[in-house]
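Colleague: I am new to this structure. Please take me through one part of it closely, in plain steps.

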Amino acid sequence: MATSMSFFLLLSSLAFAPMCLCNYYQEGKLYPQFYDYSCPQAQNIVKSILATYVQQQPRLAASILRLHFHDCFVKGCDASLLLDSSESIISEKGSNPNRNSARGFEVIDAIKAALERECPSTVSCADILTLAARDSVVLSGGPSWEVPLGRRDSRDASISGSNNNIPAPNNTFQTILTKFQLHGLDLVDLVALSGGHTIGNARCTTFRQRLYSQISGNGKPDSTLDQYYAAALRNRCPRSGGDQNLFFLDYATPYKFDNTYFKNLLAYKGLLSSDQILLTDQESAELVKSYAESNDIFFEQFAKSMIKMGNISPLTNSRGEIRENCRKINA
């Protein structure tokens, strides 16, 4: 009888026990259900606040996506880019790729403040930025995907890493590919993630050399740039001055996340040299054609590559911290 009663009590305790996370938890690994019990409303809060900002300023979707990219390519996806300068930190916000162009920090601040009210010291800034990047794509009409979670925040930044590791608009194809490969990404990831330029803007200073061939000195536009497109660009991007003038990366559907970016490349209407240069490599060019032909194929690979990029060197377990304020390390 005692044995039967013990067995009954065991079954009863199991019936009311929280669901075990064993099936998908792995020590030190990221997984989508990370906040299911500690902060179940986390993802809804991120998307709700982001949606409000993007509705008011559609350009912010591309800005948040870019922040995630520039964060991951420096020290891994650890929110180091979000840190302001302090006595011990030189912010990555002042690096060449980010100065006068990185934006959207106030959105992350608003999301973090809401999450701190809902579940204090629980959701990392690194995870907030990763989720916001996904949701920015979705809100712009792009694909969705499950975001592995569980990143922690760094306690330092690297302005040298930001200056050297992030692909630049004027890098050669091989230099860009090498920078991707150093982070465990391959050519397929390079082409797919370049498709993020289907939304957003670029400053005149980032592509001026294509309009005036300052490298060759012949005063003629880049031969891989459609001449009529180049003429239109020169109207607002003069040989000198107008450095901060903004231009759509995808002039056809600037606020819609789709495969038009790749169609533009095939028409020699890629804005940046780093965009158009994708046609100079045979394997890369074939991928451009494939994505231009099928929005579905592009969306599927973009989602896979975003997950892969989001997994670059995350801080997990006891490494790093959960910042209370994304702009500064905890006291």
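Modeller: Gly76 comes after helix H3 and has a positive phi, near 95°. The model is predicted, so local features need pLDDT of at least 70, side-chain atom pairs count only at pLDDT 80 or more, and totals for chains, interfaces and linings use all residues. Residues are numbered from 1 along each chain as its sequence is written, and side-chain values use heavy atoms, with hydrogens and water left out.

H3 covers residues 60–75. Helices here are DSSP runs (H or I, at least four residues), numbered from the N terminus. H3 reaches 24 Å from its first C-alpha to its last, close to the expected 22 Å; that expected span is 1.5 Å times one less than the number of residues. Of its 16 residues, 14 are buried (under 20% relative accessible area, with a 1.4 Å probe and protein chains only).

Now the annotation. An unreviewed UniProt entry lists Asp71, Val74, Gly76, Asp78, Ser80 and Glu92 for "binding site". They span 22 residues in sequence, yet no two of their C-alpha atoms are more than 13.1 Å apart, so they gather at one spot. Such annotations may be inferred rather than shown by experiment.

Two of these residues deserve a look. Asp78 lies in the loop between H3 and helix H4 (105–118). Asp78 is buried, at 2% relative accessible area. Beyond four places in sequence, its contacts (heavy atoms within 4.5 Å) include Asp71, Arg152 and Arg323. Glu92 sits in the loop between H3 and H4. Glu92 is buried, at 0%. Beyond four places in sequence, Glu92 touches residues including Val74, Lys75 and Ser80.

Definitions and conventions. Helices (H or I, at least four residues) and strands (E, at least two) are DSSP runs, numbered from the N terminus. Buried means under 20% relative accessible area, exposed over 50%, partly exposed in between (1.4 Å probe, protein chains only).
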